[in-house]
Amino acid sequence: MAEKVTIQDIANALGLSRNTVSKALNNHPQIPEQTRDKIIQKAADLKYKNYSKLKMGNIALLTRGDINTISFYSETIRGIETSLSADGYNLILTLVKPEDIRSGILPANVHQSNLDGIISVEIFDKPYMQKVLNTGIPTVFIDSLPNSLFELHKYDVIMVENELATYQLTQLLIEHGHQNIGFIGDAAHCRSFYERWLGFTRALSHSGLGDCSEFSIQLEDTNPYLSVDWMTSQIKALNKLPTAFVCANDDIAISVIRSLKSLGYNIPADIEVTGFDDIPNSAIIEPALTTVHTYPYELGKRVVESLLNRIDQPDRHNETVYLETCLVWRESTK
């Protein structure tokens, strides 16, 4: 007969004190959530009392290998991980190579026998998205394809509000005297960028302003928008500099600010710059960046809520959810 597993056995296996393990198993508030989850998982592994019936589920965060270059997502992932852990799920970071997206090859662990759900981030390739959905694993997408705004789609999308915020931002620039405003970013990159472009152009149209293409930089996102050298060359190539740039996100806007400063321009005296997302660096850059504040941590939590609902009710209606945003005015505008 196998020996009875004790709290001390769990403590020894994890290198923790017996007191810490006991508190965790009794849900004591002093024990950090991450430590408690680790202890509960070990209790399940060792078949300690009723914990032997527990099974931690697995959720894959399916994303491109360069996700760390996108500042917005660090807080979103933290919100996802915290919420999943509270509901007894492990988050597995699953990176997809560009060549695998092009050839339609899914990571080896993306299979119904391994995963309870998938959260897809920054993968905007329609055939590949369909390949993921064809696995039958409950899936939620953060953001989506640009054309999904005008097409029926059979999947859940969680986003931040984009169009209204960018419209308001651009409209206020116009009201403060700007007639020549440029947009920087590839509107075809994703739905969020496209909606920001729509808000920008709608504000120009409502104010009777014409085409802004001569002031804009909208090359494909395969170009290095975050490279100061590249951005500097693009700004220098413009026939005429606008009085303001509206950028698709903060990372791009920061690149623009650094490029303009390297060219000798004063911001905002010579030209004003705005971003989107309100990442931590937007408040640190000199001058601090006017932007649109989002709630990435709350976005992560809302994604988990949608995914767990999809896991519980696979056939329920699809949803597209927008989380609110708000304008933040700083020193990069007057």
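Analyst: Start with one side chain. Arg196 touches Val160, Asn162, Thr166, Phe183, Ala248, Asn249, Phe276 and Asp277, leaving aside residues up to four places away in sequence. Touching, or contact, means heavy atoms within 4.5 Å. This is a predicted model: local features need pLDDT of at least 70, side-chain atom pairs count only at pLDDT 80 or more, and totals for chains, interfaces and linings use all residues. Residues are numbered from 1 along each chain as its sequence is written, and side-chain values use heavy atoms, with hydrogens and water left out.

Arg196 lies in helix α8. With 4% relative accessibility, Arg196 counts as buried. Buried means under 20% relative accessible area, exposed means over 50%, and partly exposed is in between (1.4 Å probe, protein chains only).

Now the helix itself. Helix α8 covers residues 191-206, 16 residues in total. From first C-alpha to last, α8 reaches 22 Å, close to the 22 Å expected at 1.5 Å a residue. That expected span is 1.5 Å times one less than the number of residues. Helices (H or I, at least four residues) and strands (E, at least two) are DSSP runs, numbered from the N terminus. After α8 comes Gly208, with a positive phi near 75 degrees.

Which residues of α8 are buried? They are Arg191, Ser192, Phe193, Glu195, Arg196, Trp197, Leu198, Gly199, Phe200, Ala203 and Leu204. Their cover includes strands β5 (156-160), β6 (181-184), β7 (244-247) and β10 (320-323). It also includes helices α7 (163-175) and α10 (250-262).

Next, the rings. The structure holds six aromatic pairs. In one of them, the rings of Phe150 and Tyr194 have centres 6.2 Å apart and planes at 85 degrees, so the pair is edge-to-face. Rings of Phe, Tyr and Trp (its six-membered ring) pair if their centres lie within 6.5 Å; planes under 30 degrees apart are stacked, over 60 edge-to-face, and the rest tilted. The pair links distant parts of the chain. Phe150 sits in the loop between β4 (139-142) and β5, Tyr194 sits in α8, and the two are 44 residues apart. Phe150 is exposed, at 60% relative accessibility. Tyr194 is partly exposed, with a relative accessible area of 23%.

Phe183 and Trp197 form another edge-to-face pair, 5.4 Å centre to centre, with 70 degrees between the planes. Phe183 lies in strand β6 and Trp197 in helix α8, so this pair ties together parts 14 residues apart in sequence. Both Phe183 and Trp197 are buried.

Gly275 lies in the loop between β8 (272-274) and α11 (281-284). Gly275 is buried, with a relative accessible area of 1%.

Last, the whole protein. There are 12 helices and 11 strands. The C-alpha trace spans about 85 × 40 × 30 Å along its principal axes. Of the 334 residues, 50% count as buried. Among contacts between residues at least 6 apart in sequence, 70% join residues at least 24 apart.
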